[in-house]
Amino acid sequence: MVEDASEFQRARSPEAKRRRETAILAAARSLGAERGIRDVTLTDIAAAVGMHKSALLRYFETREEIFLRLTAEGWAEWSDALTAQLRESTEPGPAAVARAFAATLAARGMFCDLLAHAPLNLERNVSLDAVRDFKLATLAAREPISAAVRERLPALDEQDVVDLIATAVSLAGAMWQIANPGAEVAALYRGDPRLAHAVIEVEPRLARILTATLTGLAAGRSRPQA
């Protein structure tokens, strides 16, 4: 929702500042979902909320800080959804856990886009305080996921689940980029049968790879030590 620029000039209270930050984040989220993170500029975000770019910089130092905040929010939301799905499911085994990861990530395209950009550039053009806050947010989001996975697959230890989560989010970010090329490249893939392999579906491929990963981790833990 675009707010009148005069409102931004007059507001001084902490509540008003939070409201502005919320409006900026909402605009960035909407633009990112529509265009992809790569193509959204700070000027675009400022225009969407009716601000000049110089005014927006009073609230966020860079566009990367805005999108890093959205990535942290995405982690928290995904953690809640995945944890709930893992605890509600009655299907046993690694494949069911892998499918829960794949389904909840594939359903969150914007989050997958952010996951790809976070280590590449979002963490690189922000303050150390912003990076620290982001890393602590992801750590907090991982904890309930880890607990839910270990309830379902007790053979796994804590490091196994850390590796699983890291693998899942890294692959989801990369696969989403592959599955969503630009319009011209997508048309090229569709028009040339030799390039059919370049067209992928994120959810089934991610589920297959994570099933293999979890099966291997569980087997390794249950194998007698020499």
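A: In this predicted model, H9 contributes the most to the lining of the largest pocket, supplying seven residues. Two or more lining residues come from each of helix H7 (109-122), helix H8 (128-152) and helix H9 (158-179). By class, the lining of the largest pocket comprises 10 nonpolar, three polar and three charged residues.

The second largest pocket may be set beside this one. About 190 Å³ of space lies within the second largest pocket. Helix H5 (63-88) and H8 each provide at least two residues of its lining. Among the residues lining the second largest pocket are Glu 65, Leu 68, Arg 69, Asp 129, Asp 133 and Phe 134. Here the lining divides into five nonpolar, one polar and five charged residues.

In soluble globular proteins, nonpolar side chains tend to be buried together. The largest nonpolar core of this model contains 64 residues, and Ile 45, Phe 67 and Phe 101 have the most contacts inside it. H5 gives the most to this core, with nine residues. Leaving aside residues up to four places away in sequence, Ile 45 touches Ile 24, Ala 27, Ala 28, Leu 31, Val 40, Leu 56, Ile 66 and Phe 67.

How values were computed
Residues are numbered from 1 along each chain as its sequence is written. This is a predicted model: local features need pLDDT of at least 70, side-chain atom pairs count only at pLDDT 80 or more; totals for chains, interfaces and linings use all residues. Side-chain values use heavy atoms; hydrogens and water are left out. Helices (H or I, at least four residues) and strands (E, at least two) are DSSP runs, numbered from the N terminus. Ala, Val, Leu, Ile, Met, Phe, Trp, Tyr, Cys and Pro count as nonpolar, Asp, Glu, Lys and Arg as charged, and the others, Gly among them, as polar. On a 1 Å grid over the protein atoms alone, a cavity is a set of points where a 1.4 Å probe fits but cannot get out, and a pocket is an open set with protein on both sides within 12 Å along at least five of seven lines; lining residues have an atom within 4 Å of a point. Grid points are joined across faces, edges and corners, and a volume is the space filled by probe spheres set on the points. A nonpolar core is a set of buried Ala, Val, Leu, Ile, Met, Phe, Trp, Tyr and Cys residues joined through side-chain atoms within 4.5 Å. Buried means under 20% relative accessible area, exposed over 50%, partly exposed in between (1.4 Å probe, protein chains only). Contact means heavy atoms within 4.5 Å.
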